[in-house]
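Here are my notes on the model, as numbered points. Please read them with the structure open.

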Amino acid sequence: MARLCLTSLINRMNLYGAILANVINITTISIFIARLLGESEIGHWIGIIIQVSIIPLFYLLYSARSLNRTKIYYIWTGLMIAFIIVEFLLDWYPKIDFRNNLMIVVPYVMLFFGATGGMIGVASLAGKRWTVITIISFLIMLVLAFVQRQITGL
């Protein structure tokens, strides 16, 4: 009975992580589209969803120990949490104009793709369908990231 309960909890948490990964990707896609449409301010406010996603990420991290998650799971969720904190410091408070400074942009982009790529791993725990969905949303986000950077410089 306890094993069945644990399996059910693990499945639920896997689904929760997969949904969160895609919410982050879709939100980021929306930000990039807003920038391409010349609505950077709207894109900035859409980013609140990503900032708030730190709460469920901490919940996933907190739950990881009781669910006997592997070390890589901690890295995946930890990278996303780290990215959200860096994003907050650069884009929200104290808000640093960093997008034209390659010394900041390059590590920022590496952290961004490491974190969102790690969320593919989180989503993959929910099964093949969620893995495919998350990879597709990641690839769309990846293309839009470079297209909107080229066009808008942001």
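1. Helix α5 and its buried face. The buried residues of α5 are Tyr73, Trp76, Thr77, Met80, Ile81, Phe83, Ile84, Glu87, Leu90 and Asp91. Buried means under 20% relative accessible area, exposed over 50%, and partly exposed in between (1.4 Å probe, protein chains only). Helices (H or I, at least four residues) and strands (E, at least two) are DSSP runs, numbered from the N terminus. An α-helix has 3.6 residues a turn, so residues three or four places apart point the same way.

2. Basis of the model. This is a predicted model: local features need pLDDT of at least 70, side-chain atom pairs count only at pLDDT 80 or more, and totals for chains, interfaces and linings use all residues. Residues are numbered from 1 along each chain as its sequence is written, and side-chain values use heavy atoms, with hydrogens and water left out.

3. Length of α5. The helix has 22 residues. From first C-alpha to last it reaches 31 Å, close to the 32 Å expected at 1.5 Å a residue. The expected span is 1.5 Å times one less than the number of residues.

4. Helix α7. Its 25 residues (128–152) should span 36 Å at 1.5 Å a residue; the end C-alpha atoms are 35 Å apart, which agrees. Buried in α7 are Thr131, Thr134, Ser137, Phe138, Met141, Leu144, Ala145 and Gln148. Just after the helix, Gly153 takes a positive phi of about 80°.

5. The core. The largest nonpolar core has 36 residues. Such a core is a set of buried Ala, Val, Leu, Ile, Met, Phe, Trp, Tyr and Cys residues joined through side-chain atoms within 4.5 Å. Phe32, Leu57, Leu60, Met80, Phe83, Ile84 and Met119 have the most contacts inside it. Two or more residues come from each of α1, α4 (54–64), α5, α6 and α7. The largest share, 10 residues, is from α6.

6. Leaving aside neighbours within four places in sequence, Phe83 is in contact (heavy atoms within 4.5 Å) with Tyr108, Leu111, Phe112 and Ala115. Thr28 is in helix α1. Thr28 is buried, with a relative accessible area of 5%. Not counting residues up to four places away in sequence, Thr28 touches Ile50, Phe112 and Met141.

7. How much space lies in the largest pocket? About 710 Å³. Of its 32 lining residues, the closest to the centre are Arg35, Asp91, Arg99, Tyr108 and Leu154. Two or more lining residues come from each of α1 (2–36), α2 (40–46), α3 (48–52), α5 (71–92), α6 (102–124) and α7. A pocket, on a 1 Å grid over the protein atoms alone, is an open set of points where a 1.4 Å probe fits, with protein on both sides within 12 Å along at least five of seven lines; lining residues have an atom within 4 Å of a point. Grid points are joined across faces, edges and corners, and the volume is the space filled by probe spheres set on them.

8. Loop backbone. The peptide bond from Tyr93 to Pro94 is cis, with omega near 10°. Pro94 is in the loop between α5 and α6. Lys95 lies in the loop between α5 and α6, and has a positive phi of about 60° although it is not a glycine. Lys95 is exposed, with a relative accessible area of 52%. Asn68, in the loop between α4 and α5, has a positive phi of about 55° and is not a glycine. At 65% relative accessibility, Asn68 counts as exposed.
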